[in-house]
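Here are some friendly notes to read alongside the model. Take them one point at a time, and keep the structure open while you do.

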Amino acid sequence: MNNMHELYFAHSTDDVSKKDWQPLRDHLVAVSELAGAFAEVFGAGPLGRVAGLLHDIGKYTDDFQDRIAGQAVRVDHATRGAMVAVERYGGLGYVLAYGIAGHHAGLANGAESIERTALQDRLKGVNLPPLREAWRREVALPEKLAAPKLNVHSKDRSGFQMAFFTRMLFSCLVDADFLDTEAFYDQVEGRGSQRAALAPSLIELRAELNRHLSSLKADRPVDQVRADILAHVRRQAGHSPGLFSLTVPTGGGKTLTSLAFALDHAIHHGLRRVIFVIPFTSIVEQNAAVFRNALGKFGQSAVLEHHSAFVAAVPPKSDAERYQAQEKLRLAMENWDAPIVVTTAVQFFESLFAARPSQCRKLHNIAGSVVILDEAQTMPLKLLRPAVAAIEELACNYRSSMVLCTATQPALDEAHLNGGFKAGAVRELAPDPASLFRRLDRVRVRHVGELNDEALSEALRACDQVLCIVNNRRHARALYQSLADMPGARHLTTWMCAKHRSKVLDEVRTRLKNGEPCRLISTSLIEAGVDISLPIVYRAEAGLDSIAQAAGRCNRHGERDAADSEVRVFTNQDWAPPPELLQFSQAAREILRQPQYRDDPLSPPAIEAYFRKLYWQKGGEELDVPGLLALCAKSHIDRLPLETLASKFRMIDSAQMPVIVLFDDEARAHVEGLRHAEKSGGLARKLQPYLVQLPKQAFEALRQTGAIQPVEPEKWGEQFMVLVNEDLYDENHGVSWDDPTFVNSEKLCW
């Protein structure tokens with residue numbers, strides 16, 4: 001390759017004539033345009049364009065060109081672009097260099113190597129093949145670059161903000177790279193693009209939603225209150241983008257009200273999409289179904305559910321090229337390009353601190369969006385301060401409107417939380433929350449003392465229609481088994497896949513509607529937005545916010561007098577709250593004892609007092625257990641702890657591994673489809689309702705016995721693990737295995 005006019009290629013095919021290979025310059029320009037457009041949303045278009053131009057200049061080497069021609073040559077093609085970025089643009093070049101160097105293997109730390117080689121070490125350029133001069137002829141770089149001006153929270157937050165900005169630029173680059181690579185291979189192989197179909201506009205979606213809302217009848221007093229809330233909140237849509245709260249009691253219609261506000265607000269301000277962040281995996285499918293129904297003919301095409309990331313094998317450090325070309329297109333990744341995205345809090349927040357391309361790819365699509373944080377009070381205390389910092393960063397610097405939507409608004413302002421939101425920064429959308437709580441008062445809450453399992457079972461047998469919520473899955477299963485002989489006994493657990501849970505809930509609703517006996521035993525998964533209404537709810541002692549959510553399943557539609565609708569809180573020494581819940585239940589117990597709150601423990605003043613108590617008990621360090629904000633505060637542009645942040649921001653301590661359950665013929669058909677498909681994205685979406693998340697220890701135990709096996713491992717690796725031993729899945733309990741290795745590995749689910 002000594003001819004200076006020799007063509008250089010980015011991607012190859014089986015055609016040895018190279019006539020359908022992708023020229024490297026074409027790829028760089030296409031990725032540059034895409035990445036620039038993505039970054040323009042938050043004012044960083046020029047940086048996105050330069051990142052796109054530089055990301056693959058390491059392919060201007062004889063070694064790489066030999067490699068894609070079929071020779072067994074291993075080559076690092078990502079470091080060269082990072083080196084040029086720093087040489088050309090100095091400190092700002094580092095922001096680009098992290099993403100360019102990591103666009104296959106993931107973001108590394110600036111100075112300290114963990115699994116990935118630190119950026120400073122890679123910038124030394126050891127053992128890199130020489131660049132051909134053709135790159136200078138084909139790549140036109142600007143002389144100067146300027147970063148967008150960020151709204152600075154505080155001096156201590158500057159390192160956090162720079163790490164956040166670097167990750168968002170990385171997202172723009174990797175998504176652009178994936179999309180252009182995908183488009184090239186789609187064209188070569190004569191496939192229609194899965195992304196070619198135009199999604200409906202937000203204006204079209206709002207028109208469908210308005211039709212749906214106008215069809216709802218206001219037959220009951222509670223319906224009129226919901227209508228009043230909806231009308232008032234929609235009138236706030238003209239407020240400038242930023243931080244909002246929507247404080248509405250459970251059963252006040254928050255789900256559709258928040259969707260209506262989000263569409264109105266997005267259309268008014270030119271925002272791009274609506275992202276719903278749901279605390280529990282188990283509720284994502286339900287909320288997505290509500291949105292699809294409300295959006296009529298556009299429901300299926302507009303709404304993306306993203307509950308559980310299929311776990312793709314991570315290439316070792318020495319073989320980042322395995323992430324390259326057609327291979328990377330097989331990974332089951334989402335880029336959140338739909339108008340309505342429904343996802344989990346774990347997926348959302350862990351992605352905001354992530355380092356892997358597959359997790360970060362979607363982040364730029366959060367910018368310029370409306371984000372509804374449903375049940376915002378469920379953010380884990382151990383990561384509360386960094387999570388709040390991320391929410392504020394999106395609102396202040398990425399044109400995102402963040403809506404904290406809950407009946408139990410956490411006290412996240414700086415008066416109650418060190419590093420919390422500035423005074424007055426969060427604007428309330430609901431009309432006079434205190435008045436709303438009075439108008440929607442439908443239940444009575446009382447503590448009924450100690451109930452062991454025998455007494456609890458007896459109490460539940462005495463009720464024809466009752467819900468009992470306990471704090472872990474083993475307790476729920478044991479309690480259900482003690483009632484299994486009773487009419488209408490049903491069990492809900494995250495050991496069931498979402499399709500199974502939906503089936504159980506449909507049965508429960510039918511029994512309730514027909515006035516038949518119904519005794520439902522559940523974990524806390526039922527507390528976040530499940531539209532179900534029973535006259536009596538028993539709740540194992542927990543946080544006041546959880547008790548309030550349980551109350552939302554009692555007399556939800558005001559069918560009965562409040563005096564006849566009780567939430568009965570109980571303690572059970574046989575099943576004490578797990579350590580992660582103990583602090584919540586202790587704070588709730590203290591509030592319930594105070595005379596001013598005893599008669600109205602779910603009022604806004606009581607809830608505020610509860611969160612104040614909770615945060616005060618924990619202290620600043622306990623609200624950022626890994627010390628992420630302090631770590632960022634000590635960092636500089638060339639020493640950003642990007643990989644460390646990703647490894648330490650874990651909302652669930654134990655790794656959860658997805659397993660596909662062959663629950664029905666549809667699941668079987670999708671799994672069969674994987675055996676013949678070339679790309680997994682569409683099928684991965686369809687398989688999400690059939691997943692059960694298992695602790696890693698249980699996952700490994702099942703793998704060793706052969707009970708779970710991968711689908712087409714030579715093609716997909718171990719992304720898609722199927723429960724092939726169907727005897728281990730029970731219609732009453734879900735995944736059901738009595739081996740103590742499996743049972744003991746259980747943790748409380750998120």
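1. Of the 750 residues in the protein chain, 60% count as buried, where buried means under 20% relative accessible area, exposed over 50% and partly exposed in between, with a 1.4 Å probe and protein chains only. Please keep in mind that this is a predicted model, in which local features need pLDDT of at least 70, side-chain atom pairs count only at pLDDT 80 or more, and totals for chains, interfaces and linings use all residues. Residues are numbered from 1 along each chain as its sequence is written, and side-chain values use heavy atoms, leaving out hydrogens and water.

2. On overall shape, the C-alpha trace spans about 90 × 55 × 50 Å along its principal axes. A compact globule of 750 residues would have a radius of gyration near 27 Å, and the protein chain agrees with its 27 Å; this radius is taken over C-alpha atoms, and the globule rule is 2.2 Å times the number of residues to the power 0.38.

3. The chain holds 31 helices and 21 strands, which are DSSP runs numbered from the N terminus (helices: H or I, at least four residues; strands: E, at least two). Among contacts with a separation of 6 or more, 78% join residues 24 or more positions apart, contact meaning heavy atoms within 4.5 Å.

4. Which residues touch the most other members of the largest nonpolar core? In this core of 205 residues, they are L96, I340, F348, F349, L352 and L373. Helix α4 (residues 79-101) gives the most to the core, with 14 residues. A second, separate core of 19 residues includes L451, C463, V466 and Y480. A nonpolar core is a set of buried Ala, Val, Leu, Ile, Met, Phe, Trp, Tyr and Cys residues joined through side-chain atoms within 4.5 Å.

5. Do look at F349: leaving aside neighbours within four places in sequence, F349 is in contact with L373, M379, A387, I391, F649 and M651.

6. Is S522 buried or exposed? S522 counts as buried because its relative accessibility is 0%. S522 lies in strand β13 (residues 518-522) and, not counting residues up to four places away in sequence, touches L467, C468, I469, V470, A476 and L492.
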